[in-house]
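Subject: Handover of a structure for your study

Dear colleague,

Please find below the structure that I am handing over to you. My notes on it follow directly after.

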Amino acid sequence: MDYVKLGSTGLDISRLCLGCMTYGDPARGNHEWTLSEEQSRPLLRQAIEAGITFFDTANVYSDGSSEEIVGRALKEFARRDEVVIATKVHGRMRPGPNGAGLSRKAIMHEIDASLTRLGTDYVDLYQIHRFDHDTPIEETLEALHDVVKAGKARYIGASSMYAWQFATMLHVAEANGWTRFVSMQNYLNLLYREEEREMLPLCEAEGIGVIPWSPLARGRLTRDWDTTTERSQTDKFGRTLYARTADADRKVVEAVAAVAAERGVPRAQIALAWVLAQPVVSAPIVGASKQGHLADAIAALDIVLSDAEVRRLENAYVPHGVVGFQ
């Protein structure tokens, strides 16, 4: 396993981050495809034994049960000071007007609830899951600053939003002397490259570490275009990400398949190698529901794509409408 700094911080992270949305009680929340705790534990152990130290979850994943499963597994399989635990806040966790969002009230309640479920005194990275249009930026940023100063989070990060929104938040934090975001968790893969226009240059200029979600486009880059899975058939959010450019997307998937066939490696390794090659990316967030998924992700670290291969992978791409911010 390789290790890098997260953006311009001194925090060392594994070059791959294990995304833990896959692990959660299937009876809780709306992800029918999640793995139970019994099914999840061998994969979490495999990740730790492979040298992965960076784990990302969120309070909303399977109604908090992802945090519970991950917290118990990491407590058993690793030392707390050797792992980097990231979680997120924004989505609805309770009924009522203050059960979601980024108000001071919501953040202060949710950080304590996440720490309880994770079984830890602090998280290493506390991220806002989306931009909150209904709460003043100053209120959110000061609350996050206080979470850090209280010792409940070491760093703060953000997730999918417009670059102008992120730039504004960075400016407001600096102007007030509040804790600065160190990472951006955004949607980036060969089927969706709109972040190259504004967000990636902003992150590079500001020293922000990029930790993309869904680097394999929810598996679409790893299989034939018409192949379906249980997740693809039930993932309502996933279906909103690929509806408008099917013909062009198919050509990208076919290019990945062709390059992988020529190299004699699985398609997942080629698609992930492309994300890893982006200079501003610190660590892509990979999901794993089978042991082979982690093996492919780790193998991708050793693949260096040629300029000609990169052109083949990128040439079929067409502009997409902005997705993933909701």
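Leaving aside its neighbours within four places in sequence, with which residues is T87 in contact? Before the reply, a word on the basis of these notes. This is a predicted model, in which local features need pLDDT of at least 70 and side-chain atom pairs count only at pLDDT 80 or more, while totals for chains, interfaces and linings use all residues. Residues are numbered from 1 along each chain as its sequence is written, and side-chain values use heavy atoms, with hydrogens and water left out.

T87 and S114

With neighbours within four places in sequence set aside, T87 is in contact (heavy atoms within 4.5 Å) with T57, A58, N59, E67, S114, L118, V123, L125, Y126 and Q127. T87 belongs to strand β5, residues 84-89. Helices (H or I, at least four residues) and strands (E, at least two) are DSSP runs, numbered from the N terminus. T87 has a relative accessible area of 0% and is therefore buried; buried means under 20% relative accessible area, exposed over 50%, and partly exposed in between, with a 1.4 Å probe and protein chains only. The side chain of T87 also makes a polar contact with the side chain of E67, at 2.6 Å. A polar contact is a pair of N or O atoms within 3.5 Å; within protein, one must be able to donate a hydrogen and the other to accept it, and residues adjacent in sequence count only if both atoms are side-chain atoms.

S114, in helix α3, is buried because its relative accessible area is 0%. Leaving aside neighbours within four places in sequence, S114 is in contact with N59, E67 and T87.

D112 and K152

D112 is found in helix α3 as well, which covers residues 104-118. D112 has 35% relative accessibility, so it counts as partly exposed. The side chains of D112 and K152 make a polar contact at 2.8 Å. These two residues are 40 residues apart along the chain, and their C-alpha atoms are separated by 8.2 Å.

Two helix pairs

The axes of helix α1 (residues 37-49) and helix α2 (residues 65-77) come within 10 Å and cross at roughly 45°. Axes are lines fitted to C-alpha atoms, for helices over the stretch in contact, and angles run from 0 to 180 degrees between N-to-C directions. Angles under 35 degrees count as roughly parallel, over 145 as roughly antiparallel, 65 to 115 as roughly perpendicular and the rest as oblique.

The axes of helix α5 (residues 163-176) and helix α6 (residues 199-206) come within 9 Å and cross at roughly 20°. These two helices are therefore roughly parallel to each other. A163, F166, A167 and L170 of α5 make the contact with M199, L202, C203 and E206 of α6.

Positive phi values

S62 is not a glycine, yet its phi is positive, near 50°. S62 lies in the loop between β4 (54-56) and α2, and its relative accessible area of 1% is why it counts as buried. R218, also not a glycine, has a positive phi of about 55°. R218 is found in the loop between β9 (209-210) and α7 (230-234), and it counts as buried because its relative accessibility is 18%.

Yours sincerely
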